[in-house]
Amino acid sequence: MKIAVLVKQVPSGDSPLRIADDSLWVKEENVSFITNESDSYAVEEALQLREKSGDGEVVAVSLGPERAQRAIREALSKGADRGIHVQQSYPYHSDPLEIARALAAAMAGEKFDLVLSGLQSDDYGFGQVGVILGEKLGMTTATLVMATELSDGRLMVKRELESGWFQWVSLTLPASISIQSGINTPRYPSLKGIMGAKKKVIESVTPENGDKPAQSISKVYIPQKTKRTEMIEGTVDQQVERLVQVLKKEIRII
Amino acid sequence: MSILVVIEQSDGGVHRMSREAIAAGQALGRDLDLPVSALLLGNDLSSRCETLQSMQLHEILKVEHPLLRSYSSDGFSQALAQVIQNESPKYVIAGHTYMVRDFFPRVSAKLNIPFLADNIAYRVDGDTLILNKQLFSAKLAADFVPSDDGSCIISFQSAAFQEDDVATGSEVTVREVAITLDDSSIRSTSEEPFQEIAGAVDLSSAEVIVSVGRGIGKEENLPLAKELAQALGAELASSRPVVDAGWLEGYHQIGSSGQTVAPKLYFALGISGAIQHVVGMKGSKNICVINKDPEAPIFELADYGVIGDLVEIVPKLTETVLGVKS
């Protein structure tokens with residue numbers, strides 16, 4: 001079983017987000033980058049699938065500038081076997097088709113049985129790259145996966161539907177699936193894992209200049225507030241007093 | 001040049017978000033002076049077709065095929081790609097549902113046309129269509145534009161448009177559209193959908209909801225929220241992280257993967273306001289927020305906001321509410 005797992009670096013939730021001078025992205029200074037949340041679940045699921053099948057390889061793949069290697073190194077320290085870094089000097093790419101094409105070109109020769117990705121990134125939130133990559137590589141695809149099982153050369157996935165419904169879907173391999181947060185409990189890297197990761201290989205690939213993007217950002221901005229909010233200030237006692245007044249006199253539920 | 005709205009079924013009828021997508025399509029059609037048609041994909045489409053015939057549409061395109069009887073990403077992506085190739089609509093519009101997320105990116109890949117996903121609004125500037133999408137869990141927003149003037153696929157977030165705004169019409173022409181699908185190209189099989197927990201609470205009928213998020217801190221603090229809910233006669237709900245942590249059962253969850261609610265009061269405790277949560281509660285009549293992070297995007301939706309530590313405020317609030325009631 002040869003498994004690829006896509007990992008992406010995104011600004012951490014508590015990083016200050018200031019809009020860049022060209023209004024096309026955020027200023028990266030003072031931003032700390034972390035592995036995208038649902039990608040961590042995808043890494044864990046890949047490692048568990050490798051462990052269950054008894055043999056095989058997990059390859060962590062990331063597209064991005066030099067710093068993206070840290071996301072790959074983190075996956076290696078948790079147990080992934082090697083990495084592929086698809087170099088992008090421009091730190092922000094706003095077209096999932098373009099991103100998936102570059103990944104497909106870098107990964108096509110590897111003949112992966114399975115590609116795992118996080119459901120969506122916490123920055124752009126396209127939720128498309130893993131699916132497009134699957135299509136480009138001739139794979140079956142499934143999204144919002146909450147459980148996986150390998151049996152008789154097929155992959156069974158439990159897909160999350162809307163409003164608390166689920167469905168089991170059986171896919172032929174090779175397959176590209178996106179993993180929903182909460183599917184497992186991601187492990188922490190062990191000290192041994194961190195030391196061992198230093199010897200693992202990260203192959204660096206520079207994509208050819210391909211087609212122009214199919215969509216792009218023309219402007220990033222701070223959303224305009226549309227609702228009028230009464231901010232209740234003061235001491236805790238004053239806040240509680242006003243809240244109770246609101247509940248009783250304005251919303252009238254007590 | 002035309003607009004094509006892709007219709008999804010839900011409980012045998014037209015999905016709520018497909019109705020919203022028709023409202024979006026009609027609005028765009030008026031702005032750009034383009035005819036708007038609807039597309040039905042599947043098998044046994046008569047009842048949905050009837051629903052659509054009372055709407056103001058140019059045409060209803062109907063694609064019926066035995067291999068589209070149940071949903072598959074392989075089947076639906078091939079079918080939609082063929083329709084787009086044959087009909088060459090300028091804009092293909094849909095609600096940003098889980099099914100759309102599952103197969104639309106493949107259509108985009110097959111045809112090499114952009115899929116501008118999960119937008120909250122659009123505007124037209126000269127000849128250019130600009131889509132508004134939220135970034136970083138709604139902390140920022142961005143304008144997206146397609147790079148050329150070929151076909152493009154667009155999805156809108158839940159409640160970006162209102163189904164009440166769908167313009168009505170009558171006797172819309174139905175046109176059957178033929179596609180070719182090969183049995184061997186459907187490489188997946190699906191089992192029947194199921195719900196995990198029996199006896200789940202139907203939060204959609206609750207008048208008052210007290211909802212907890214990651215900001216509650218730890219499982220031991222949950223009783224604070226439960227006691228407030230009890231004092232207010234409210235149902236208890238949560239955002240996804242609380243369910244993922246195993247602190248509450250999945251049926252308490254509000255949002256895109258949980259329930260959609262519109263109570264008289266939605267009391268959000270320690271909820272940051274990620275888009276996935278917001279789509280499930282933004283129709284609430286009154287939203288009250290307690291959060292210690294003044295930057296939390298949930299405050300954007302709040303009618304009443306308190307910046308502070310809920311562990312300190314909530315017990316006092318419960319006590320005072322109980323005092324007032326007795």
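Q: Between which elements of chain B is the loop that holds B:Asn112?
A: This is a predicted model: local features need pLDDT of at least 70, side-chain atom pairs count only at pLDDT 80 or more, and totals for chains, interfaces and linings use all residues. Residues are numbered from 1 along each chain as its sequence is written, while chains are lettered from A and ligands numbered from 1 in the order in which they are written. Helices (H or I, at least four residues) and strands (E, at least two) are DSSP runs, numbered from the N terminus. The loop with B:Asn112 lies between helix H4 (98–111) and strand S7 (115–125).

Q: Is B:Asn112 buried or exposed?
A: A residue is buried if 20 or more other C-beta atoms, placed from the backbone, lie within 10 Å of its own, exposed if 12 or fewer, and partly exposed in between. B:Asn112 has 11 such neighbours, so it counts as exposed.

Q: What is the phi of B:Asp11?
A: B:Asp11 sits in the loop between strand S2 (9–10) and strand S3 (13–14) of chain B. Most residues other than glycine have a negative phi. B:Asp11 is not a glycine, yet its phi is positive, near 50°.

Q: Which residue of S12(B) is the bridge partner of A:Ser170?
A: Two strands pair if DSSP finds at least two bridges between them. S9(A) and S12(B) pair in the antiparallel sense over 3 bridges. The partner of A:Ser170 is B:Thr189.

Q: How many residues of chain B are in contact with chain A?
A: Contact requires C-beta atoms, placed from the backbone, within 7 Å. Chain A contributes 64 residues, and the number from chain B is 70.

Conventions. Contact = placed C-beta atoms within 7 Å.
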